[in-house]
Amino acid sequence: MFNAQRRTRGEPEIENSSFRTDVLRGLTARRKSLPAKYFYDAAGSRLFEAICELPEYYVTRTETALLTRIVPEISALIPQRAALVEFGSGASVKTRLLLDAAPQLDVYVPIDISETALADAARSLNATYPALTVLPLLGDFTAPITLPKLVRERPVVGFFPGSTIGNFAPAAAVDLLRSARTLLGQGAQFLVGADLVKPPSVLVPAYDDAQGVTAAFNKNLLVRINRELGAAIDPDRFRHRAVWNATDSRIEMHLVSLQDQTVEIAGRSITFAAGESIHTENSYKFTVDGFTALAEQAGWRVQASWADSDFPFGVFLLAAPDA
């Protein structure tokens, strides 16, 4: 799931303008799609938290268990007085595993598109880690941003958990990793979680659970379009579909129209044929060699890597060149 960029109602109006532009562009294309980052309004965020607790959704608990086991090894590779920069921090839950294991971290910079999430996480972390300097950075990490001066004066470690890297097509993932290398600077490290390939019998239920929580999460995009763009889409006229695309090594999520229908969105008439789908998310799954090659294309080298064997999941510590 794409859990990196969250926003709440009341955040900058420019986001509503971007939302309208992206929705109309995506739904008037020959193959309809919507950007996965728009899943995370307040209701979507709550639904995603519920997804993380589902028995079928292994990603969160597998990565958390793996991080819990390997954080002593990770800590041994983190320099003294380092700054930790997290991409799409949300509630900063997994971050605490690193902070507990690596007291040499002096500064923490959570980057998130939700001002509310940043403020809540900063308050909580300041209370738990009074010696840690927390510098929240409001912004979209896929767009140009600048790190605080205090960060640029010390060793930097990036953190990108949750296999959010899998929501980017391979070329876009390389671009993101390359941008992260530029942002974090020479000699930086980058700790990335990446879900690994496993049988479709495990993958598909993780994105199409028996309780229908993921279906509600997917359909909430339509509810958001209704609320923010004045549309009148009936979510019950669409069904959630998750499918394993073996050729591209990715899980795809779709909203499939159950009938011929026309809806009005922001003054535009959008027509759907029965069976036509809106492609809402990709979640690419990697091999260790495949992710290593992706990182190397972006100018990183793999300094260390770890993998869970029960539900294959990888954590990669990447290193940037010193010059």
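Me: What makes Lys149 and Glu153 a salt bridge?
Reply: Their side chains meet at 2.4 Å, N to O. A salt bridge needs a side-chain nitrogen of Lys or Arg within 4 Å of a carboxyl oxygen of Asp or Glu, so the pair of Lys149 and Glu153 qualifies. Keep in mind that this is a predicted model, where local features need pLDDT of at least 70 and side-chain atom pairs count only at pLDDT 80 or more, while totals for chains, interfaces and linings use all residues. Residues are numbered from 1 along each chain as its sequence is written, and side-chain values use heavy atoms, with hydrogens and water left out.

Me: Why is Lys149 called exposed?
Reply: Because its relative accessible area is 56%, and exposed means over 50%, buried under 20% and partly exposed in between (1.4 Å probe, protein chains only).

Me: How many salt bridges does the whole structure have?
Reply: A search finds 17. One of them joins Lys37 and Asp140, with the closest N and O atoms 3.6 Å apart. That pair links distant parts of the chain, 103 residues apart: Lys37 is in the loop between helix H1 (13-27) and helix H2 (42-52), and Asp140 in the loop between strand S4 (137-138) and helix H6 (149-152). Helices (H or I, at least four residues) and strands (E, at least two) are DSSP runs, numbered from the N terminus.

Me: Are Lys37 and Asp140 buried or partly exposed?
Reply: Lys37, at 25%, is partly exposed, while Asp140, at 14%, is buried.

Me: What makes Asp41 and Arg227 a pair that ties parts together?
Reply: Their side chains form a salt bridge at 2.9 Å, N to O. Asp41 sits in the loop between H1 and H2 and Arg227 in helix H9 (residues 213-229), so the bridge ties together parts 186 residues apart in sequence. Asp41 has 2% relative accessibility, so it counts as buried; Arg227, at 32%, is partly exposed.

Me: How do you know that the length of helix H5 agrees with what it should be?
Reply: H5 (residues 115-128) has 14 residues, and at 1.5 Å a residue it should span 20 Å; its end C-alpha atoms are 20 Å apart, so the two agree. The expected span is 1.5 Å times one less than the number of residues.

Me: Why is Gln261 called buried?
Reply: Its relative accessibility is 6%, so it counts as buried. Gln261 lies in strand S9 (residues 261-265). Leaving out residues up to four places away in sequence, Gln261 touches Arg237, Phe238, Ile270, Thr271 and Phe272.

How values were computed
Contact means heavy atoms within 4.5 Å.
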